[in-house]
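Here is a short briefing on one protein chain. Have the sequence and the 3D view open as you read.

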Amino acid sequence: PERVLAESGIIPKHEGTQFTTLAQADKLQEQTLPLISANKQALQEAQLSTAPIPVGDFESRAIARARTPENIAGGAADDLEKGIRARFESYRNNYGQSIPLTTVDDIKTASWRKTGFSLTKEDKLAGDIDYIVAKSAQELIEETAAKAGAVDVAQLNREIGDVLEAVKFL
């Protein structure tokens, strides 16, 4: 986030020991709207020439990301997998067995928004699941869009993500 803030000329405002950056965050987030619109348009075009994403493929990717040696050794892998499976069962119930690319992007965006710092074990687990689902969605979107010739989607996703991380920082 520091790079985006520096490039945007934003110095976080504060009063005493308290940050007062809400207006700065809102202004920075507004700047992402044209990027988000361009990204949605590119995804809609890519979606025309790609098959919907099978929920099972998306789920397998997320589970593989959760079952790292570190997560297994730390005892988190089983809980992460259980949470991911529950999340994807909800996706199946709401979307069916396959999801259009733009819906995968909606899932990615919603999951990124929910990630953040937490002190409780349950909230940390939920945040880790959100991160895993969002990162898996990002990879699927970028790979699928690239196959459809929309190579700019990856760069747009990165730029939007960088700005939104800076907004969270503020």
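At 24% relative accessibility, Trp-112 counts as partly exposed. This is a predicted model.

**Aromatic pairs**

- Four aromatic pairs are counted in the model.
- One of them joins Phe-88 and Tyr-91: the ring centres are 5.1 Å apart and the planes meet at 85°, so this pair is edge-to-face. The cut-off for that label is an angle over 60 degrees.
- Phe-88 and Tyr-91 sit in helix H6, which covers residues 77-95. Three residues separate them, about one turn of the helix.
- Are Phe-88 and Tyr-91 buried or exposed? Both are buried.
- Trp-112 has a ring partner too: Trp-112 and Tyr-131 form an edge-to-face pair. Their centres lie 5.4 Å apart, with 65° between the planes.
- This pair links distant parts of the chain. Trp-112 belongs to helix H7 (residues 101-114), and Tyr-131 belongs to helix H8 (residues 121-147). They are 19 residues apart.
- Tyr-131 has a relative accessibility of 38%, so it counts as partly exposed.
- Which residues do ring pairs link into a cluster? They are Phe-58, Phe-88, Tyr-91 and Tyr-95.

**Salt bridges between helices**

- Side chains of opposite charge can pair when their charged atoms come close.
- How many salt bridges does the structure hold? The count is 14.
- One of the salt bridges joins the side chains of Asp-106 and Lys-40, at 2.5 Å from N to O.
- Asp-106 is in helix H7, while Lys-40 is in helix H3 (residues 33-48). The two are 66 residues apart, and their pair links distant parts of the chain.
- Asp-106 has a relative accessible area of 40% and is partly exposed. Lys-40 is partly exposed as well, at 26%.
- Arg-65 and Glu-139 also meet in a salt bridge, with 2.2 Å from N to O.
- Arg-65 lies in helix H4 (residues 55-66) and Glu-139 lies in helix H8, so this pair ties together parts that are 74 residues apart in sequence.
- Arg-65 is partly exposed, with a relative accessibility of 24%. Glu-139 is partly exposed, with a relative accessible area of 24%.

**A salt bridge within one helix**

- The side chains of Arg-92 and Glu-89 form a salt bridge at 3.9 Å, N to O. The cut-off is within 4 Å, so this pair counts.
- Both residues belong to helix H6. Arg-92 and Glu-89 are three residues apart, so about one helical turn separates them.
- Arg-92 has a relative accessible area of 18%, so it is buried. Buried means under 20%.
- Glu-89 is partly exposed, at 40% relative accessibility.
- Arg-92 and Glu-89 are part of one network, joined by salt bridges that share partners. The network also includes Glu-59, Arg-67, Asp-78, Glu-81 and Arg-85.

**Helix H3, face by face**

- Helix H3 has 16 residues. From its first C-alpha to its last, H3 reaches 23 Å, close to the expected 22 Å.
- Which residues of H3 are buried? They are Asn-39, Ala-42, Leu-43 and Ala-46.
- Look down the axis of H3: the buried residues fall within an arc of 100°, so they line one face of the helix.
- Turned away from that buried side is a face with the exposed residues Leu-33, Pro-34, Glu-45 and Leu-48.

**Two contacts across the chain**

- Gln-31 is in the loop between helix H2 (22-30) and H3. Its relative accessible area is 43%, so Gln-31 is partly exposed.
- The C-alpha atoms of Gln-31 and Leu-164 are separated by 10.0 Å, and the two residues are 133 residues apart along the chain.
- Thr-103 is in helix H7. With a relative accessible area of 14%, Thr-103 is buried.
- The C-alpha atoms of Thr-103 and Leu-43 are separated by 9.9 Å. Along the chain, these two residues are 60 residues apart.
- Leu-43 is one of the buried residues in H3.

Note on methods. Residues numbered from 1 in each chain as written. Predicted model: local features only at pLDDT ≥ 70, side-chain atom pairs only at ≥ 80, totals over all residues. Heavy atoms only, no water. Phe/Tyr/Trp six-rings, centres within 6.5 Å; stacked < 30°, edge-to-face > 60°. Helix = DSSP H or I, 4+ residues; strand = E, 2+ residues; numbered from the N terminus. Buried < 20%, exposed > 50% of the residue type's maximum accessible area, 1.4 Å probe, protein only. Expected span 1.5 Å × (residues − 1). Arc of directions from axis to C-beta.
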